[in-house]
Amino acid sequence: MIGKVAILGSSGALKGWCARAATGLACLLLLPTLQAATPDLRLEPAEESHSPIERGRYLARLGNCMSCHTVRGKKEYAGGRAIETPFGTVYSTNITPDPDTGIGHWTRDDFWRALHHGRSRDGRLLTPAFPYTSFTRITRADSDALHAYLQGVPPVVQRNRPQGLRFPFGTQAALWAWQTLYFEPGEFQPVADRSAEWNRGAYLVEGLGHCSACHTPRNALGAELSGALWAGGMIPVQNWYAPALSDAREAGVAHWRDEDVVRLLRTGVSPQASVMGPMAEVVATSTQYLRDDDARAMVAYLKSLVASNPTLASSASNNAVTTVDIAAAQLYETHCASCHGKQGQGEPGAFPALAGNRAVQMDNPTNVLRVILQGGYPPSTAGNPRPHGMPPFQQVLTDPELAAVASFVRTSWGNASAPVTITEAHRARERQAPQP
């Protein structure tokens with residue numbers, strides 16, 4: 001019934017500040033040649049083509065630009081997708097080369113200014129829904145490659161929708177104040193005592209994938225909390241929990257085999273986890289297209305984020321229930337045991353085990369409740385084209401039953417997490433994000 005929710009990156013563009021953009025990675029850009037004394041971190045063009053346009057196509061696909069700039073079923077990159085944020089609705093812009101309604105008149109300098117400085121062609125400040133706080137790390141070569149690709153996509157005549165941010169959040173004065181407080185332009189700088197692979201991975205994760213947009217908590221004004229990088233956080237409006245990449249009890253992968261992390265990024269499944277929720281879309285439309293060297297570079301960096309590798313058993317919560325609720329056990333037997341096993345053992349390659357499942361045992365029970373309510377659907381990828389899914393139970397279980405079965409799986413078979421309250425179950429049901 002419950003998959004191993006492992007939200008490892010990205011997800012999505014405009015994550016955090018604008019919530020629904022956790023569904024993608026936006027625009028992935030790569031580093032050019034640096035000084036001779038530093039490693040060459042530039043991503044070379046794909047083997048099948050060395051043209052800037054083809055290189056830009058690869059970067060745009062990995063960056064998942066289309067996810068935010070395309071309304072499902074509509075013209076690609078024409079914008080208009082509504083992105084709900086805690087401050088109102090942001091509508092993505094038309095980035096096709098139409099000269100009147102798109103970016104046909106944008107020069108390479110204009111495009112670079114938007115990514116690096118958070119300013120539009122006319123000098124207006126952009127909302128941080130566009131993740132320029134991460135994209136400022138990109139290099140000019142990568143920006144130019146993306147610009148070349150976007151100038152070659154089919155132009156679409158579609159005017160941008162007026163932004164729906166509440167006053168004063170969309171005003172230039174408010175955006176100036178926000179940038180003054182929370183934004184400083186600056187390219188990624190390699191760490192001298194780290195390998196070229198690690199630095200490439202850091203560049204991909206910190207800047208290009210802007211993974212911190214989801215996996216770092218934010219303050220009341222939507223800025224990432226200093227000193228809490230990778231500590232995990234709720235994704236506003238979507239109301240999924242992006243687990244901490246720096247914690248082995250949540251989404252830290254320091255103790256995983258490299259091959260398993262690569263597999264998760266490129267297929268959405270691994271022996272330890274399956275991605276669901278916002279991260280499933282990130283994998284389906286973005287990270288499954290990572291080249292092998294890029295995927296391994298990201299893995300090298302992600303594995304370094306966990307300073308130590310505490311086991312779930314040693315760090316488990318002390319406030320778990322010690323007796324089995326008969327009604328909860330019956331609910332599990334009725335709805336869950338046929339797939340996940342009577343002892344929560346699962347079925348390898350098909351249904352994830354719940355016993356020892358760290359997504360089940362995280363202190364924050366949001367993802368467990370969301371998966372039970374909405375179902376669990378790993379992405380369909382080239383490496384896993386027909387994933388096993390889980391049906392939703394929101395029309396089957398009442399709030400007390402939802403709390404009971406979630407508590408049962410969090411406190412059985414050696415799992416030792418706090419039980420879920422009826423209030424938490426009710427809030428998870430009420431806070432389900434509308435479908436795009």
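Helices and strands are DSSP runs, numbered from the N terminus. The model shown in each view is predicted.

**View 1. The loop between β4 and β5 contains Asn-239**. Asn-239 is found between strand β4, residues 233–235, and strand β5, residues 240–242. Its phi is near 60°, a positive value in a residue other than glycine. Most residues other than glycine have a negative phi.

**View 2. His-210 occupies the loop between α7 and α8**. This residue also has a positive phi, of about 35°, although it is not a glycine. Helix α8 spans residues 212–215. His-210 counts as buried because its relative accessibility is 0%.

**View 3. A cis peptide bond joins Phe-167 and Pro-168**. The omega angle of this bond is about 5°. Pro-168 lies in the loop that connects β3 (164–165) with α6 (172–182). Most peptide bonds are trans.

**View 4. The largest nonpolar core has 57 residues**. Those with the most contacts inside this core are Tyr-77, Ile-138, Leu-150, Val-205, Trp-230 and Tyr-301. At least two core residues come from each of several helices, among them α1 (52–63), α5 (140–150), α7 (196–208) and α11 (292–303). In soluble globular proteins, nonpolar side chains tend to be buried together.

**View 5. Leu-150 is in contact with residues beyond its sequence neighbours**. With neighbours within four places in sequence left aside, the contacts of Leu-150 are Tyr-77, Ile-95, Pro-97, Ile-103 and Phe-111.

**View 6. A second, separate core comprises 29 residues**. Cys-214, Val-360, Phe-393 and Val-405 are included in this second core.

Methods:
Residues are numbered from 1 along each chain as its sequence is written. This is a predicted model: local features need pLDDT of at least 70, side-chain atom pairs count only at pLDDT 80 or more; totals for chains, interfaces and linings use all residues. Side-chain values use heavy atoms; hydrogens and water are left out. A nonpolar core is a set of buried Ala, Val, Leu, Ile, Met, Phe, Trp, Tyr and Cys residues joined through side-chain atoms within 4.5 Å. Buried means under 20% relative accessible area, exposed over 50%, partly exposed in between (1.4 Å probe, protein chains only). Helices (H or I, at least four residues) and strands (E, at least two) are DSSP runs, numbered from the N terminus. Contact means heavy atoms within 4.5 Å.
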